Amino acid sequence: MNGVEIDRLSFCYRDSKQEILHEIGTSVEAGEFVCILGQSGCGKSTLLRLLAGLEKPTGGSIRIDGEELRGASLSRGMVFQDYGLFPWMSAGENIVLALRQRFPEMTKAEKKALALSMLEKVGLQREIYSKLPKSLSGGMKQRCAIAQAFAIDPPILLMDEPFGALDAVTRAKLQDLVLELWESGEKSRKKTVFFVTHDVDEAILLADHIIVLGQRPSRIIYELRIPEEKRAKRETQFVDSEIISMRNELIRQINQDVEQHIGE
């Protein structure tokens with residue numbers, strides 16, 4: 001189980017008096033795909049860094065299965081927008097490095113075999129294993145980052161606008177890939193995913209739980225849970241009346257919050 005409880009979570013940097021997050025509170029069930037939605041600069045990535053244990057809250061707490069989160073852990077994998085690959089290491093070596101930390105008992109041959117298997121699973125040829133990131137396209141580098149994150153098999157996966165810099169076609173393919181990898185897990189072992197985006201359509205396509213953050217100091221201004229039978233599909237998300245209604249309400253909530261802060 002990997003349920004997450006966020007209780008009155010607040011955050012501001014030590015050298016600043018400006019509060020970024022203000023008393024965020026929500027509950028996330030194990031296996032949910034959560035999209036954190038909001039305008040640029042509203043604190044989405046900060047919330048993700050707190051969930052990763054890379055920052056400490058100035059108020060409130062995060063609990064995973066009832067235990068308070070204290071620092072980073074390999075039980076929470078991270079996928080960044082800038083890929084997070086070491087440029088001096090090949091794609092395969094980047095994956096093996098993560099495996100070395102997560103599974104120290106594995107032999108060198110086992111780590112390489114798993115890295116090759118994950119590259120194939122995300123649609124890359126085995127030859128990519130020996131290529132440096134600079135020789136790969138943006139979409140290929142992001143596939144490597146996704147392969148690395150899923151290879152270490154963390155029960156909680158954190159994704160910080162991973163497709164924001166990609167073209168529309170590559171982005172759609174990687175959205176489908178992440179959904180496929182997430183849905184392939186058994187119900188009892190399905191990863192809990194937190195996915196940061198500012199794209200309403202992306203959130204509706206991916207998530208079964210959407211959290212909308214308002215302007216700073218950020219708080220949750222709207223929360224939506226989508227039953228399995230109501231989840232969007234790519235071929236219907238722009239024609240299904242219920243999905244269109246969800247989309248309009250999410251946009252309305254965001255615009256209403258923006259209008260309230262204009263001129264402040």
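# Salt bridges, strands and cores in a predicted model

Q: Which side chain meets that of Lys191 in a salt bridge?
A: Lys191 pairs with the side chain of Asp153, at 2.6 Å from N to O. Side chains of opposite charge can pair when their charged atoms come close. The term salt bridge is used here for a side-chain nitrogen of Lys or Arg within 4 Å of a carboxyl oxygen of Asp or Glu.

Q: What kind of model is this, and how are its residues numbered?
A: This is a predicted model, in which local features need pLDDT of at least 70 and side-chain atom pairs count only at pLDDT 80 or more, while totals for chains, interfaces and linings use all residues. Residues are numbered from 1 along each chain as its sequence is written, and side-chain values use heavy atoms, with hydrogens and water left out.

Q: Is Lys191 buried or exposed?
A: Lys191 counts as buried, at 8% relative accessibility. The cut-offs are under 20% relative accessible area for buried, over 50% for exposed, and partly exposed in between (1.4 Å probe, protein chains only). Asp153, with a relative accessible area of 31%, is partly exposed.

Q: How many salt bridges does a search of the whole structure find?
A: The search finds 14. One of them joins Glu202 to Arg171, with the closest N and O atoms 3.1 Å apart. That pair links helix 6 (residues 200-206), which holds Glu202, to helix 5, which holds Arg171, across 31 residues. Both Glu202 and Arg171 are buried.
Another salt bridge is formed by Asp176 and Arg234, whose closest N and O atoms are 2.9 Å apart. Here Asp176 is in helix 5 and Arg234 in the loop between strand 10 (220-225) and helix 7 (241-261), 58 residues apart. Asp176 is partly exposed at 37% relative accessible area, and Arg234 is partly exposed at 32%. Glu32, Glu223 and Arg225 are linked in a network of salt bridges.

Q: Which strands are joined to strand 8, and in what direction do they run?
A: Strands of a sheet pair through backbone hydrogen bonds, either parallel or antiparallel. Two strands pair if DSSP finds at least two bridges between them. Strand 3 (residues 33-37) runs parallel to strand 8, with five bridges. Strand 7 also joins strand 8 through five bridges, again parallel. Phe195 of strand 8 is the bridge partner of Cys35, and Met159 stands opposite Phe195 as well.

Q: How many residues of strand 8 are buried?
A: Six of its six residues are buried. Both faces are covered, with Thr192, Phe194 and Val196 on one side and Val193, Phe195 and Thr197 on the other.

Q: What is the strand order of the open sheet of four strands?
A: The order is 2-1-4-5, with antiparallel pairing. Strand 2 (21-28) and strand 5 (67-68) are the edge strands, each pairing on one side only. Strand 1 (residues 4-11) and strand 4 (residues 59-64) are joined by five bridges, and Ser10 has Gly59 as its bridge partner in strand 4.

Q: Which residues touch the most other members of the largest nonpolar core?
A: In soluble globular proteins, nonpolar side chains tend to be buried together. A nonpolar core is a set of buried Ala, Val, Leu, Ile, Met, Phe, Trp, Tyr and Cys residues joined through side-chain atoms within 4.5 Å. The largest core has 56 residues, and Phe33, Ile146 and Ile210 touch the most other members. Helix 4 gives the largest share, seven residues. A second, separate core of 27 residues includes Leu9, Phe11, Val34 and Leu51.

Q: How many of the residues of helix 4 are buried?
A: Twelve of its 14 residues are buried, including Ile146 and Phe150. The buried residues pack against strand 6 (76-79), helix 2 (91-102), helix 3, strand 7 and helix 5, where contact means heavy atoms within 4.5 Å.

How values were computed:
Helix = DSSP H or I, 4+ residues; strand = E, 2+ residues; numbered from the N terminus.
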